[in-house]
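Come along if you like.

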Amino acid sequence: MKILDELFYTEDHEWIRQENGEIIEGITDYAQSELSDIVYIELPEKGIEVHKGEAIGTIEAVKTVSDLYAALSGTVIEVNGELEGHPELINKDPYDTGWIVRIKISNPKELEGLLDAEEYKEIIEGEE
Amino acid sequence: MKFIPVTESERNEMLKVIGKGIEELFSAIPDNLRLRSSLNLPPSLSELEAREKAVKLEKVNKELVCFAGGGVYDHYIPSVVEHIIRRPEFYTAYTPYQAEVSQGTLQAMFEYQSMICELTGMDISNASIYDGATALAEGIYMAIGATKREKLILSEGINPRYLEVIKTYLAKRYQIEMIPLKEGVTNPKGFEVDDKTVGVVIQHPNYLGNLEEVSTFVEKAHAKDALAIMSFDPISLGILKTPGELDVDIATAEGQSLGLPMSLGGPHLGIFTAKKKFVRKMPGRISGKTIDHEGRIGYVMALQTREQHIRRASATSNICTNQQLCALTAALYLTALGGEGIREVASQTTQKAHYLAERLENAGFELPYNKKGRKSFFREFVVEVPSGANRAIELGLKEGYLVGINLTDFKDEWKNHLLISVTEKRPKEEMDHLLEILSM
């Protein structure tokens, strides 16, 4: 299972890439493999305000469906529109072209609560 | 599947295997709740005796000439409908749980959905839900899920029984604003839509039978990105604009008039349709058509991830079933009649209703919402019976007529008002005799 050292993670299996007061969020390689074939994703609307831990979208696979949570509070400034026609990008390339949402964060302190690669690895090893 | 009752010796054998007595198995039930005597039942009857008893009971039923409607209507049911639904392959009330094994059932569902889409002009139909009232309440619930807003605007022209179901569904969690009626129709100026509004909910034709100015309500809702939700009468679509043409977002109906007997109020059929963009929020089952790896056509339960057995707490609805036999009945009725037949039923229904309304008015009866020159109703209208609505109903029963619905209990201003409904089944003589009864 691929876990990238330079990213942060949540217990809900989202990854976070930090970029000058903004974050890019997606779901981890582990999450996509647990869901298996993703067929549809409901994305949040651009411009809406989100709170840490709030469900902001849904990811639908052939046999199951899962909520997507905001990893941090802020404003959604961009969503990956490519996923509407090609949700399978999340399966193929979860950490790059399968990114989901870009958020301008409103409370940088929340960053401290995120997990690093090592801590996230322990979590998924516990689940397996 | 066959039902095989367990015999005394089999029961003893099973108890022997598990090494327990029957009393021990029931020991978890507190003693004061246990029934220690036999059930209070009359002695058993032979088949002949049972049949005679049932026939005797059946004879107590009265066949009435029906002028009552209010959502359930006395239309003619072609005999082919009953012939086909009674085939043992179809004769179950339930949606199949090992669905894909029953390809015929899934195909029937798919055909039903396709016909409902054609009838309504809407993008998507589910495989049906319980009845017209739950269909509308589920439609509202879906709109709440889709808009994530909290205020609902409901017309007072919605069937009062449906309003009760809606209020039960919504409990006290949402804000409800009622749009009052003005001269029997929903006042298009009687409400304001804001950016907290989930949607505007209207019934067309409304409970009093009158046609609503649907487009105005749809436009007002859409101007604030709220949804337009409509409860319709499927037969009326033979002559009226469809919900699809009216740009309605969610359209629901009671489907009983499509070939189902009135049978004391059920089982009936909830028709549920919506625009395509809501398909992932729809309640209930949806059958889809696909091909297998050899290219053969097959039917499957589609988009099950919407449903509660997969989505759990975040599902928009807890309905995971459909009214399979009733939906099949509606599909057969629509097949038997075809587009032309539905237009014919709708047109005869409305012409007869207008004939009766005119006769009553000419005889001096007051039709408060359909005064001279203003007769935009489909099949139902309100008439005031000064000698008393209950008295008229009693007199009617003596003549073998159900003269209408007494509106007295719903609203003070409807005291001694009857809601009268007509279908293509009512010949001129019956309508003329109704006038005589009301004039007694």
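This is a predicted model: local features need pLDDT of at least 70, side-chain atom pairs count only at pLDDT 80 or more; totals for chains, interfaces and linings use all residues.

**Entry 1: a leucine to start from.** I began with Leu360(B), which sits in helix H10 of chain B. Is Leu360(B) buried or exposed? I counted 24 other C-beta atoms within 10 Å, and the mark for buried is 20 or more, so Leu360(B) is buried.

Next I asked which residues Leu360(B) touches, leaving out those up to four places away in sequence. My list reads Phe365(B), Leu367(B), Val383(B) and Leu435(B).

Entry 2: Chain B has an open sheet of three strands in the order E13-E16-E15, paired antiparallel. Its edge strands are E13 (380-384) and E15 (405-406), each of which pairs on one side only. How many bridges join E13(B) to E16(B)? I found five, with E16 covering residues 417-421 and the two strands running antiparallel. Within this pairing, Val383(B) stands opposite Leu418(B).

**Entry 3: the cores.** Which residues have the most contacts inside the largest nonpolar core? They are Ile140(B) and Leu418(B), in a core of 104 residues. Helix H10 of chain B (residues 324-362) gives the largest share, 17 residues. I also noted that at least three residues come from each of domain 1 (65-74 + 342-439) and domain 2 (79-331) of chain B. A second, separate core has 28 residues, including Ala31(A), Ile38(A), Ile41(A) and Ile103(A).

**Entry 4: over to chain A.** Here I looked up an open sheet of six strands, ordered E1-E2-E3-E9-E8-E5 with antiparallel pairing. Strand E1 (8-9) and strand E5 (49-50) are the edges, each pairing on one side only. Two bridges tie E5(A) to strand E8 (residues 74-79), and these strands run antiparallel.

**Entry 5: where the chains meet.** How many residues does each chain bring to the contact? Chain A brings five and chain B brings five. On the chain A side, I sorted the residues that touch chain B by class: two are nonpolar, one is polar and two are charged.

Definitions and conventions: Residues are numbered from 1 along each chain as its sequence is written. Chains are lettered from A and ligands numbered from 1 in the order in which they are written. Two strands pair if DSSP finds at least two bridges between them. Helices (H or I, at least four residues) and strands (E, at least two) are DSSP runs, numbered from the N terminus. A nonpolar core is a set of buried Ala, Val, Leu, Ile, Met, Phe, Trp, Tyr and Cys residues joined through C-beta atoms within 7 Å. A residue is buried if 20 or more other C-beta atoms lie within 10 Å of its own, exposed if 12 or fewer, and partly exposed in between; C-beta atoms are placed from the backbone. Domain bounds come from an automatic or database domain assignment. Two residues are in contact if their C-beta atoms, placed from the backbone, lie within 7 Å. Ala, Val, Leu, Ile, Met, Phe, Trp, Tyr, Cys and Pro count as nonpolar, Asp, Glu, Lys and Arg as charged, and the others, Gly among them, as polar.
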